[in-house]
Amino acid sequence: GRAGSAPSDRGVGEVVLQRSGTGINLMLLWAGTDSGTAIENGIATSAGTHIMYLDYGAFVELLSAANGQVQVCRKANDSDHPGNALGYVTFVY
């Protein structure tokens with residue numbers, strides 16, 4: 001993914017996502033890298049778990065969502081970065 005609201009706030013990263021299980025045992029697993037923290041990996045069994053930042057400034061992040069899905073969110077209550085922030089996610093199957 002890549003993101004940013006200013007030309008200086010750029011980032012790049014890549015994670016491999018795997019959706020596993022069914023029903024109440026559904027989980028999302030991932031491993032990869034992002035611009036801010038380098039290595040990302042984890043398991044999510046509920047919505048709202050951090051997966052990766054899409055920009056170096058950590059203003060736009062990829063989170064787990066319900067039913068093994070993902071969502072792109074702008075950091076909430078961020079007074080240091082008012083205005084819009086953009087994120088692009090590309091899925092390769």
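## Val70 and its surroundings

Val70 touches Leu17, Leu28, Ile51, Leu62, Leu63, Ala65 and Phe91, not counting residues up to four places away in sequence. Contact here means heavy atoms within 4.5 Å. The model is predicted: local features need pLDDT of at least 70, side-chain atom pairs count only at pLDDT 80 or more, and totals for chains, interfaces and linings use all residues. Residues are numbered from 1 along each chain as its sequence is written, and side-chain values use heavy atoms, with hydrogens and water left out.

Val70 sits in strand 7. Its relative accessibility is 26%, so Val70 counts as partly exposed. The cut-offs are under 20% relative accessible area for buried and over 50% for exposed, with partly exposed in between (1.4 Å probe, protein chains only). Leu17 is 53 residues away from Val70 along the chain, and their C-alpha atoms are separated by 9.6 Å.

## Overall make-up

The chain has eight strands and zero helices. Helices (H or I, at least four residues) and strands (E, at least two) are DSSP runs, numbered from the N terminus. Read from the N terminus, the elements run β-β-β-β-β-β-β-β.

Of the 93 residues, 29% count as buried. Take the contacts in the chain with a separation of 6 or more: residues 24 or more positions apart account for 29% of them.

## Sheet 5-6-7

Three strands form an open sheet in the order 5-6-7, with antiparallel pairing. Two strands pair if DSSP finds at least two bridges between them. Strand 5 (50-53) and strand 7 (69-74) are the edge strands, and each pairs on one side only. The twist averages 25 degrees from one strand to the next. Axes are lines fitted to C-alpha atoms, for helices over the stretch in contact, and angles run from 0 to 180 degrees between N-to-C directions.

Strand 6 (residues 60-65) and strand 7 run antiparallel and are joined by six bridges. Ser64 stands opposite Val70. Val60 faces Arg74 of strand 7. The two strands form a hairpin with three residues between them, and Asn67 in the turn has a positive phi of about 60 degrees.

## Sheet 2-3-4

A further open sheet of three strands has the order 2-3-4, again with antiparallel pairing. Strand 2 and strand 4 stand at the edges with a single partner strand each, so one side of each is left without a neighbour in the sheet. Neighbouring strands of this sheet are turned by 5 degrees against each other on average, direction ignored.

Seven bridges join strand 3 to strand 4, and the two run antiparallel. Gly32 has Glu40 in strand 4 as its bridge partner.

## Nonpolar core

In soluble globular proteins, nonpolar side chains tend to be buried together. In this model the largest nonpolar core has 10 residues: Val15, Leu28, Trp30, Ala44, Ile51, Met52, Leu54, Phe59, Val60 and Leu62. Such a core is a set of buried Ala, Val, Leu, Ile, Met, Phe, Trp, Tyr and Cys residues joined through side-chain atoms within 4.5 Å. Strand 3 (27-34), strand 5 and strand 6 each supply at least two residues of this core.

Ala44 is one of the core residues. Leaving aside neighbours within four places in sequence, Ala44 is in contact with Leu26, Met27, Leu28, Trp30, Thr49 and Ser64.

## Thr49 in its loop

Thr49 belongs to the loop between strand 4 (38-44) and strand 5. Its relative accessibility is 25%, so Thr49 counts as partly exposed. With neighbours within four places in sequence left aside, Thr49 is in contact with Trp30, Ile43, Ala44, Leu62, Leu63 and Ser64. The C-alpha atoms of Thr49 and Leu63 are separated by 5.4 Å, and the two residues are 14 residues apart along the chain.

## Largest pocket

The largest pocket has a volume of about 510 Å³. On a 1 Å grid over the protein atoms alone, a pocket is an open set of points where a 1.4 Å probe fits, with protein on both sides within 12 Å along at least five of seven lines; lining residues have an atom within 4 Å of a point. Grid points are joined across faces, edges and corners, and the volume is the space filled by probe spheres set on the points.

The lining has 20 residues, of which Val15, Leu17, Thr90, Phe91 and Val92 lie nearest the pocket centre. Strand 2 (14-20) and strand 7 each supply at least two lining residues. Strand 2 gives the most, with six residues.
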